[in-house]
Amino acid sequence: MSEQGGGFPRVIAYDLDGTVLDHGTLPKRTARTLEKARGLGCVLAVATGRAYAGLKEQIRGMPADYYITSNGARTTQAGRETPMLQTLLPGETARAAVALLRPLGACFELQLCGGALFEREMLRRWTRQGGFSLPDAVRFAGSLRRLRIVPDAGDFLGADGGIEKLSAMLPPGTDIPALCAALGGRFAVEAVPASDAALEMTARGVTKGAALARLCAALGIRREEVVAFGDSGNDLSLRCAAGCFVAVDNAAPAVLAAADAVTGSARAGGVADFLEKYVLGR
């Protein structure tokens, strides 16, 4: 399936924040369009950096057959709690990465099998770097399931059965792509930019794209039968697992450059626009 036409996708994979969610909310038209595609036989796979244990109930209730979470560390079939696939980041690797990044001014979030740990400093950074008010940041954190706000996430490394993903926010001006490359060269991790001032780490070989490819192989679905949507650096790997990779128009420059097609933003219902035009035939 491509923007130019030819074929009907059997799998539609989509990122959440910044791709289909507008300030944490799924526009009604996007939800209806995804449900229509599902009704025609398309398998819907959420592919998010969020932890499965931390997803809000309303997010779990959105149109989806599978959840690829923590940048591919876990794949779960909708309606089930036990993961189909799960690959953890070793505790010693996470501790070494934290020790390297902390002197650079990093603060951290840990996505664990049993929930998420969020450093208090991360909330302060959101107010300074992300344009959020402190009450907004607190409300966001409080909206997540099984989340604890702690002074130092490093005190909990290796807790709750293992680490799915380690996220770090750094001071403005940090060369995030260069830092990701350095981390990948030094440790057995996949390190990807999450924003201009943040990065995310999973175990080596663990990406959204790798998880999507494994899911499709299990379902007997070929790459060319997959369309995927994304906006951020952690979505770039989806391009290797999809016959058509679509970026929203406010995506990161690297994502726009890699995309096979570009659609509108989450607020504008870009994913719905693309699916209505090229999948539903409207």
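Gln 86 lies in strand β5, which spans residues 85–86. Keep in mind that this is a predicted model.

**Around Gln 86**
- Gln 86 counts as partly exposed because its relative accessible area is 34%, and that label covers values between 20% and 50%.
- Setting aside neighbours within four places in sequence, Gln 86 is in contact with Ala 73, Arg 74, Cys 113 and Glu 164.
- With Glu 164 there is also a polar contact, side chain to side chain, at 2.8 Å.
- Val 206 is 120 residues away from Gln 86 in sequence, yet the two C-alpha atoms are 9.4 Å apart in space.

**Helix α6 and its two faces**
- Helix α6 runs over residues 176–186, and its buried residues include Ile 176, Leu 179, Cys 180 and Leu 183.
- Why do these four sit on the same side of α6? They cover an arc of only 100 degrees around the axis, so they end up on that one side.
- The general rule behind this kind of pattern is that an α-helix has 3.6 residues a turn, so residues three or four places apart point the same way.
- Turned away from the buried side is a face with the exposed residues Pro 177, Ala 181 and Gly 185.
- What do the buried residues of α6 pack against? Their partners are α3 (91–101), β10 (189–195) and β11 (198–203).

**The nonpolar cores**
- The largest nonpolar core has 29 residues, and Leu 101, Phe 108, Leu 110, Leu 166, Leu 183, Leu 199 and Met 201 have the most contacts inside it.
- At least two residues of this core come from each of α3, β6 (107–112), β9 (163–169), α6, β10 and β11.
- Another core, of 28 residues, lies apart from it; among its members are Val 20, Val 46, Ala 64 and Leu 280.
- Leu 199 touches a whole list of residues beyond four places in sequence, including Leu 101, Leu 166, Ile 176, Leu 179, Cys 180 and Leu 183.

**Aromatic rings**
- How many aromatic pairs does the structure hold? There are 3.
- One of them joins Phe 229 and Phe 274 edge-to-face, at 5.5 Å centre to centre with 80 degrees between the planes.
- This pair links distant parts of the chain, with Phe 229 in strand β12 (226–230) and Phe 274 in helix α9 (270–278), 45 residues apart.
- Both Phe 229 and Phe 274 are buried.
- Ring pairs tie Phe 229, Phe 274 and Tyr 278 into a cluster.

Terms used:
Residues numbered from 1 in each chain as written. Predicted model: local features only at pLDDT ≥ 70, side-chain atom pairs only at ≥ 80, totals over all residues. Heavy atoms only, no water. Buried < 20%, exposed > 50% of the residue type's maximum accessible area, 1.4 Å probe, protein only. Arc of directions from axis to C-beta. Contact = heavy atoms within 4.5 Å. Core = buried A, V, L, I, M, F, W, Y, C linked by side-chain atoms within 4.5 Å. Phe/Tyr/Trp six-rings, centres within 6.5 Å; stacked < 30°, edge-to-face > 60°. Polar contact = N/O pair within 3.5 Å; in protein donor to acceptor, adjacent residues only side chain to side chain.
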